[in-house]
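Biologist: I would like to go through this structure and hear what each term rests on. Please show it first.

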Amino acid sequence: MAMVSMKFCVPSLSLPSLRPTKRYSGMAFAASNQDAVALGVKVTQGEGNLPKLVLTSDQGSEAEIYLFGGCITSWKVPGGRDLLFVRPDAVFDQKKPISGGIPHCFPQFGPGTMQQHGFARNMDWSLAESENVEGNPIVTLELKDSPYSRAMWDFGFQARYKVILNSKSISTELTVTNTDEKPFTFSAALHSYFRASITGVSVKGLKGCKTLNKDPDPKNPIEGNEERDAITFPGFVDCIYLDAPNEVHLDNGLGDVISIKNTNWADAVLWNPHLQMEACYKDFVCVENAKIGTVQLEPKHSWIAKQHLSIV
């Protein structure tokens, strides 16, 4: 078989450069296959008996990832609280996406021709690889087209999602490859929910960005420019920031400042539902890396975007 040359849009953000010690790949992982994964990676049953990965670094940081939706639901630094938030109304029955953590929006962000935020957060991802690099667990999840996805979006694709847990950071790398014979377009985002005390929350680093404010009418966003050094959340907020910088800082109002770095996501979204979600709006804020404008991907080409969350 002739080898196909793969072309990648390679971003510049450096993920941890470490030497692998053990790697396991190409295996089907069931909840009972715990011996088949790398040190610091455990396959277990989570809420609703859904398969869940538990990552633990040598330094004591922890993360949890559900294979349903490829959703990171927990991230703790050593001795610290959970920095992510899962809503109290979240369900784990595979009938709807997990509400909270870091869900995927792919191949559509927001409303459009298919269901809200696309289908990637409604599908089972598989564990393609796991490894341990100098005490830091790394897993790679994979999602491919299926009859379910093709009913909404009739293209062949492969999405690989690498998650790297370090002592005070968690990094992700999303690679979308066109495995079809025709080009396709998509948009995407990481719909990140951070634990917060909303009255004390501020986001810095977006001053000067062009904004699309979806309040009061999400169907007709108001164009503007961000003039504030620090964005706060006194009420309902749903705003897109175009051509965002590659780093913003989130003060979660609980004593933590989180650096949110990215490469190739291009845009940012801030969201808090305020009284539309009265039961929990005070306890979280969404700061999302996104690609609002569509990406056109030719056959056998790939698009890569990276995110790096760390405690400042």
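Biologist: Where does S99 lie?

Modeller: S99 lies in the loop between β6 (71-76) and β7 (104-105). Strands here are DSSP runs of E, at least two residues, numbered from the N terminus. The model is predicted, so local features need pLDDT of at least 70 and side-chain atom pairs pLDDT 80 or more, while totals for chains, interfaces and linings use all residues. Residues are numbered from 1 along each chain as its sequence is written, and side-chain values use heavy atoms, without hydrogens and water.

Biologist: Why is S99 called buried?

Modeller: Its relative accessible area is 10%. Buried means under 20%, exposed over 50% and partly exposed in between, with a 1.4 Å probe and protein chains only; S99 is therefore buried.

Biologist: Which residues does S99 contact?

Modeller: Neighbours within four places in sequence aside, S99 is in contact with V86, R87, D89 and A90. Contact means heavy atoms within 4.5 Å.

Biologist: What makes a set of residues a nonpolar core?

Modeller: Its members are buried Ala, Val, Leu, Ile, Met, Phe, Trp, Tyr and Cys residues joined through side-chain atoms within 4.5 Å. The largest such core has 66 residues, of which F186 and L206 touch the most other members. Strand β10 (residues 157-165) gives the most to this core, with five residues.

Biologist: What joins β4 to β5?

Modeller: Five bridges join β4 (residues 51-56) to β5 (residues 62-66), and the two run antiparallel. Pairing takes at least two DSSP bridges between two strands. The bridge partner of L53 in β5 is I65.

Key
Helix = DSSP H or I, 4+ residues; strand = E, 2+ residues; numbered from the N terminus.
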